[in-house]
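Me: I would like to learn how to read a protein model. Please take me through one, feature by feature.

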Amino acid sequence: LIKKNSEFFSKYDVVLVDTNPGSNLLNQNLMIAADNVLIPVSLDILSMKSLKLMAAELAAVEEIDPGIRSLMMVGNSHQPNTLHSVASLGSLQKNYPEQILNTVIPAYAGFKRQGWGPQDEPQLLIEKEPTSAAGRLITELALEIAERLLWAASSDEVAATPS
């Protein structure tokens, strides 16, 4: 698909595909096509266990298609007043120090208020509540991801430059 539509895809710096979690052919193919993989990790025990499955999936993709893929993780639905959330975030920071992003997204009721507005227009938190704590963190997350992607691109250019 990507090779056959290279002209279309060349128009974009970033194509974001939000998939369901799990191991399936679609996710495998998307990871093969991707230069970067972003995994939002809910800070609960089941999501932490699922992360191990995702790591195995990425390892399988690397066997099929060895290449340099950037893996980024973001702690999601953080509740700093709960032991399991704090422990899960600490585990991510300990076990994935290079991959975990600094920005952590809190559990916030505003995310549940997202939905469809008048005339079937999607209403996103970042548009409805841009100055809320969660809205500011979403902006910080976007900037952090962009910074990492730009750094990776400039590092590739430096690595590709003959000495």
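Me: Leaving aside its neighbours within four places in sequence, which residues is S77 in contact with?

Reply: Start with the idea. Contact means heavy atoms within 4.5 Å. By that rule, S77 is in contact with S42, S85, I105, P106 and A107, its neighbours within four places in sequence being left aside. Some ground rules next. This is a predicted model, where local features need pLDDT of at least 70, side-chain atom pairs count only at pLDDT 80 or more, and totals for chains, interfaces and linings use all residues. Residues are numbered from 1 along each chain as its sequence is written, and side-chain values use heavy atoms, with hydrogens and water left out.

Me: Where does S77 lie?

Reply: First, how elements are named. Helices (H or I, at least four residues) and strands (E, at least two) are DSSP runs, numbered from the N terminus. S77 lies in the loop between strand 2 and helix 4. Its phi is positive, about 60 degrees, although S77 is not a glycine. The C-alpha atoms of S77 and D44 are separated by 8.6 Å. Along the chain, those two are 33 residues apart.

Me: How many helices and strands does the protein have?

Reply: Seven helices and four strands. Along the sequence the pattern reads α-α-β-α-β-α-α-β-β-α-α. Of the 163 residues, 23% count as buried. The protein exposes about 11,600 Å², and carbon and sulfur atoms supply 59% of that area. Now take the contacts between residues at least 6 apart in sequence: 64% of them join residues at least 24 apart.

Me: In what sense do strand 1 and strand 2 pair?

Reply: Two strands pair if DSSP finds at least two bridges between them. Strand 1 and strand 2 (residues 70-76) have seven bridges, in the parallel sense. Look at N36: its bridge partner in strand 2 is S70.

Me: Why does S88 count as buried?

Reply: Because its relative accessibility is 8%, S88 counts as buried. S88 sits in helix 4 (residues 83-95). It touches L43, D44 and M48, not counting residues up to four places away in sequence. A polar atom of the S88 side chain lies 2.8 Å from the backbone oxygen of H84.

Me: Where is M48 found, and what does it touch?

Reply: M48 is found in helix 3 (residues 45-64). With a relative accessible area of 14%, M48 is buried. Residues up to four places away not counted, M48 touches V41, S42, S88, S91 and L92. M48 and S88 are 40 residues apart in sequence, yet 7.1 Å apart in space, C-alpha to C-alpha.

Me: Where is F9, and which residues is it in contact with?

Reply: F9 is in helix 1. Its relative accessible area is 23%, so F9 is partly exposed. Leaving aside neighbours within four places in sequence, F9 is in contact with L1, I2 and V15.

Me: What about Y12: where is its place?

Reply: Y12 is in the loop between helix 1 (6-9) and helix 2 (25-33). At 43% relative accessibility, Y12 counts as partly exposed.

Notes. Buried < 20%, exposed > 50% of the residue type's maximum accessible area, 1.4 Å probe, protein only. Polar contact = N/O pair within 3.5 Å; in protein donor to acceptor, adjacent residues only side chain to side chain. Areas by Shrake-Rupley, 256 points an atom, 1.4 Å probe, with all protein chains shown as cover.
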